[in-house]
Amino acid sequence: MRDSSSLTLGTVVDIASYDPAELRFDGEFPQLWSPVYDTLLLRRSDSSLAPNLATAWSYDSRKTTLSLTLRDGVKFTDGTVFDAAAVAANIKHFRAGTGHDHYLSSSIADVTVADTRHVDIRLSRPDPTLLNSLSGSLGAMAAPSALGRASLATEPVGTGPYLLDRGRTVRGDRYVFTRNPDYWNSRAWPYDKIEMRVLSDVSARLNALTTGQIDGTRLNVDVMDYARRSGVTVHPNRVDWVGLAILDRKGRVAPALADVRVRQAINIVFDRQGMLDALDLGQGAVSEQIVGSKSPAYDPALDNSYRYDVERARKLMAEAGWSKGFRIPMMDYSRYRMYQPFVEQALASINIGVDWRSLPDETAVDAQFSGEYPILILGQQAPTSAWDGLGIAYDNALNVFKSSDPAFSRLMETARTTSGQEQVAAFRKANAWLVENAWFAPWYHRDLIYATAPGTTVEPEPGVAGPPLRSYAPAR
């Protein structure tokens, strides 16, 4: 039986830097930085928001100024006081950075301090995702004295419940956190020590879990039944969509992709149900939308837009003048290698050849945003938030080629500035526009499999790959 006062988890990803401007909000990344950094707001397991370092918040009537009231009596681990000036310094630092999540600050025009416990975030335009962002990387608070220092990459200085034990931490292998004795809310964290082990190989993660070396980790669907028989608890969680992101919609690298008929043909040549059954053992649901089924933008009728029909796809290619096809470069990336033979075969059926370019895992993530690849195989979060879900086609780092269209932009701007049923209608129209114009070719929404060892409980958050660390507890 493992020590119930410590929690050890396996993670697929590694953290590049503890500088808040470099943090990532997606996947399992928050598990690596949330021990040391509190966020301004807290997102509950039902996706609602709760107070954290900010105890209250409100918008003005135009939704272009967000006013925060801050918690009193909180200190950074270097002994300095958390206050409104610290919030302003952090948000300005994030906005000036170039990290993966930098786009989350794109609407912020300025941050002003009213007094020590009150700060105003002024926006250039309404931002429906701002509050969510303040519960993630944009809201992570470091000591202002550490901002801008190179040492912050490896020596985080936050207000979080734990301290990074640098003596026992090995970058790229394991990260060890011990209790922050001065933390303001220690009762919310039942463990004296948390350890994160970077285990990119699923066999290593499964072995570590079933032999009691770790308490929780992500697994693949093909080992799910074995894991259950080994006595671990399996938590399927409908997290993301998987399919193709057709990024080069203007045809800069692959001219044919500028024609909507070519993009529609690509959608039609995939046997979605067959792929779901073969690759993810049926753990998911076929869908042609990039928003989750619980999103207000989701429309079940859209999932019948691109039924598998190779002959129809060939006709579309001929109408577009591309019956002889063309070739495209695509990333050969271990995370999505299982899908590659299906992609190559489906595209070959309409004479699209693929030149696979092998990339090591440590460079592949950044290479997705290089502009070299007109199409990516992608597993992307399908959140309940309509703005977050549709935003990857609009105001997001994944819009690599800066694609835009007046009709889509108008719908998104309507959604940005409205509320209630008017906003829902705009989101649904924007989603329908994306499906019709085939900016993506989703195959299905898949379940990600998280598993915990006996003695550990967790409450996975819908749409989130790595359960928030505060949701773990020793089993009673």
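Trainee: Hello! What should I know about the model before I start?

Mentor: Welcome! The model is predicted, so local features need pLDDT of at least 70 and side-chain atom pairs count only at pLDDT 80 or more, while totals for chains, interfaces and linings use all residues. Residues are numbered from 1 along each chain as its sequence is written, and side-chain values use heavy atoms, with hydrogens and water left out.

Trainee: How many helices and strands are there in the protein?

Mentor: Helices (H or I, at least four residues) and strands (E, at least two) are DSSP runs, numbered from the N terminus. Here the protein has 13 helices and 19 strands.

Trainee: What does the radius of gyration say about the protein?

Mentor: The radius is taken over C-alpha atoms, and the globule rule is 2.2 Å times the number of residues to the power 0.38. For 476 residues, a compact globule would have a radius of gyration near 23 Å, and the protein agrees, with 23 Å. Along the principal axes, the C-alpha atoms fill a box of roughly 70 × 55 × 40 Å.

Trainee: What share of the residues count as buried?

Mentor: Buried means under 20% relative accessible area, exposed means over 50%, and partly exposed is in between (1.4 Å probe, protein chains only). In this protein, 55% of the 476 residues count as buried.

Trainee: What can contacts tell me about the fold?

Mentor: Contact means heavy atoms within 4.5 Å. Taking contacts between residues at least 6 apart in sequence, 67% join residues at least 24 apart. Beyond its neighbours within four places in sequence, asparagine 132 is in contact with Phe25, Arg43, Leu49, Ser385 and Asp388.

Trainee: Which residues are in contact with glycine 463, leaving aside its neighbours within four places in sequence?

Mentor: They are Asn237, Arg238, Val239 and Gln381. Glycine 463 sits in the loop between β18 and β19 and counts as buried, at 3% relative accessibility. Serine 45 is 418 residues from glycine 463 in sequence, and their C-alpha atoms are 9.9 Å apart in space.

Trainee: Where is alanine 301, and is it buried or exposed?

Mentor: Alanine 301 has its place in the loop between β13 and α8 (310-319), and it counts as exposed at 52% relative accessibility. Its C-alpha atom is separated by 9.7 Å from that of alanine 432, 131 residues apart along the chain. Now look at arginine 62, in the loop between β4 (54-59) and β5 (65-70). Arginine 62 counts as exposed, at 63% relative accessibility, and 35 Å separate its C-alpha atom from that of isoleucine 246, 184 residues apart along the chain.

Trainee: How many aromatic pairs does a search of the whole structure find?

Mentor: Rings of Phe, Tyr and Trp (its six-membered ring) pair if their centres lie within 6.5 Å; planes under 30 degrees apart count as stacked, over 60 as edge-to-face and the rest as tilted. The search finds 16 aromatic pairs. Tryptophan 387 and phenylalanine 427 have ring centres 6.3 Å apart and planes at 70 degrees, so this pair is edge-to-face. Tryptophan 387 lies in helix α11 (residues 386-391) and phenylalanine 427 in helix α13 (residues 420-437), so the pair ties together parts 40 residues apart in sequence. Both tryptophan 387 and phenylalanine 427 are buried.

Trainee: Which residues do ring pairs link into a cluster?

Mentor: That cluster consists of Trp387, Tyr394, Phe408, Phe427, Trp433 and Trp439.

Trainee: What should I look for in phi angles?

Mentor: Most residues other than glycine have a negative phi. Leucine 281 has a positive phi, near 50 degrees. Leucine 281 is in the loop between α7 (272-280) and β13 (284-286) and is partly exposed, with a relative accessible area of 48%. Asparagine 351 also has a positive value, with phi near 65 degrees. The loop between α9 (340-348) and β15 (352-358) holds asparagine 351, which is partly exposed, with a relative accessible area of 42%.
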